[in-house]
Amino acid sequence: MTQVFFLLIQQKRNKKMQNTIFINFLTNLIQRTNQKIKYNAYLLSEKQLQMLQLQFKKAMHPASFFSKQLQQDISFILKKDPALLNKEPSEVFLYKSLVVTFLHRIAHHLYQQHETTAARLLSEINKEITGAEIHPGAQIGHSVFIDHPTGLIIGETTIIGDYFHGHGMVLLGSDGKNQTNKRHPTIGNNVTIWPKASVLGNHYIADNVIIGANAFITQDVPPNSTVIGHNILLKKNTQTIKIQLKKYWENIKPQRSNS
């Protein structure tokens, strides 16, 4: 009974310490961001600068949408990254992924409010700090881990689902065929994209997909699959099939029409 009591006390202390680190992390990040905003303050009106400060203040509150989303990101990273096994949980706050997602979500919110200059400024600051270039128009879900984010590029109309594990040097871009409306890919839930992979155009990457390193994808990708190389579907469910995505979709069209 005594051991259980002391265990509960320790857990309470650890949680309190984590909350303190969480607040300090956000405070430090906002301070760094504000320093960089000062160098570009001429781009914004006094009203816009005040609006940014109010937005930061709201975002830092533990009950805010942005803080809750960040907490989900932290939980996902702790589960996803084996480098953190048996390490101090506070080490996760050194991950640039947290900076990437927190600043992007604020930038995206501003973009939706048609504060496009402020949104783009935040995205440029995000790029300067982390090396990741994400257009503020892009939508990302919860529980996101951008591993080593340097070189990541995500286009304006990209949509990314929940439980996304991305890497640096990944390109989610346009194929140049459609210059209006939806130009960039939509990524489903529980998708992993390994370094230097490119997904171009308005294509749908379904749930539970793994995209291999250096892959070049310009086709839709079916769920529960692994794709590699230039549009090669390597696995569907647990079966290795190794077929061009274009050929795969051509083969299943008759099945669709009969269903």
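Here is a short briefing on the predicted model shown above, sorted by topic.

The chain averages a pLDDT of 91, and 90% of the residues score at least 70; pLDDT is the predictor's confidence in each residue, from 0 to 100. In this predicted model, local features need pLDDT of at least 70 and side-chain atom pairs count only at pLDDT 80 or more, while totals for chains, interfaces and linings use all residues. Residues are numbered from 1 along each chain as its sequence is written, and side-chain values use heavy atoms, with hydrogens and water left out.

**Where to take care**

- Residues 1-13 have a pLDDT below 50, and beyond near neighbours in sequence this stretch has 0 contacts in the model; contact means heavy atoms within 4.5 Å.
- Where pLDDT is low, the predicted coordinates should not be read in detail.

**The nonpolar cores**

- A nonpolar core is a set of buried Ala, Val, Leu, Ile, Met, Phe, Trp, Tyr and Cys residues joined through side-chain atoms within 4.5 Å. Buried means under 20% relative accessible area, exposed means over 50%, and partly exposed lies in between (1.4 Å probe, protein chains only).
- The largest core has 35 residues, of which Phe25, Leu52, Phe102 and Ile106 touch the most other members.
- At least two residues of this core come from each of helix H1 (2-39), helix H2 (46-60), helix H3 (65-80), helix H4 (96-112) and H5. Helices (H or I, at least four residues) and strands (E, at least two) are DSSP runs, numbered from the N terminus.
- H4 gives the largest share of this core, 7 residues.
- A second, separate core of 30 residues has Ile187, Ala197, Ile205 and Ile211 among its members.
- Leaving out residues up to four places away in sequence, Phe25 touches Leu70, Phe93, Leu98 and Val99.

**Helix H5 and its end**

- Helix H5 (residues 116-130) has 15 residues, which at 1.5 Å a residue should span 21 Å; its end C-alpha atoms are 21 Å apart, so the two agree. The expected span is 1.5 Å times one less than the number of residues.
- Among the buried residues of H5 are Ala118, Leu122, Ile125 and Ile129.

**Salt bridges**

- The model holds 4 salt bridges, each being a side-chain nitrogen of Lys or Arg within 4 Å of a carboxyl oxygen of Asp or Glu.
- Lys36 pairs with Glu128, their closest N and O atoms being 3.0 Å apart. This pair links distant parts of the chain, with Lys36 in helix H1 and Glu128 in helix H5, 92 residues apart.
- Lys36 is partly exposed at a relative accessible area of 22%, whereas Glu128 counts as exposed at 56% relative accessibility.
- Arg105 and Asp73 form another salt bridge (2.7 Å, N to O). Arg105 lies in helix H4 and Asp73 in helix H3, so this pair ties together parts 32 residues apart in sequence.
- Both Arg105 and Asp73 are buried.
- Lys127 forms a salt bridge with Glu133, with the closest N and O atoms 3.3 Å apart. Lys127 is partly exposed at 35% relative accessibility, and Glu133 is partly exposed at 33%.

**Strands and sheets**

- An open sheet is formed by 5 strands in the order S1-S4-S7-S10-S13, with parallel pairing. Two strands pair if DSSP finds at least two bridges between them.
- Strand S1 (133-134) and strand S13 (216-217) are the edge strands, each pairing on one side only.
- Within this sheet, strand S4 (residues 153-154) and strand S7 (residues 171-173) pair in the parallel sense over 2 bridges, and Leu171 in S7 is the bridge partner of Ile153.
- Strand S3 (residues 144-147) runs parallel to strand S6 (residues 164-167), joined by 4 bridges. Asp147 stands opposite His167 in S6.
- From S3, Val144 and Ile146 point one way and Phe145 and Asp147 the other way, and all are buried.

**Two residues to look up**

- Ser97 is found in helix H4 and counts as buried because its relative accessibility is 1%. Leaving aside neighbours within four places in sequence, Ser97 is in contact with Ile77, Val144, Phe145 and Ile146.
- Gln239 lies in strand S16 (residues 239-244) and counts as exposed at 52% relative accessibility. The C-alpha atoms of Gln239 and Ser174, 65 residues apart along the chain, are separated by 31 Å.
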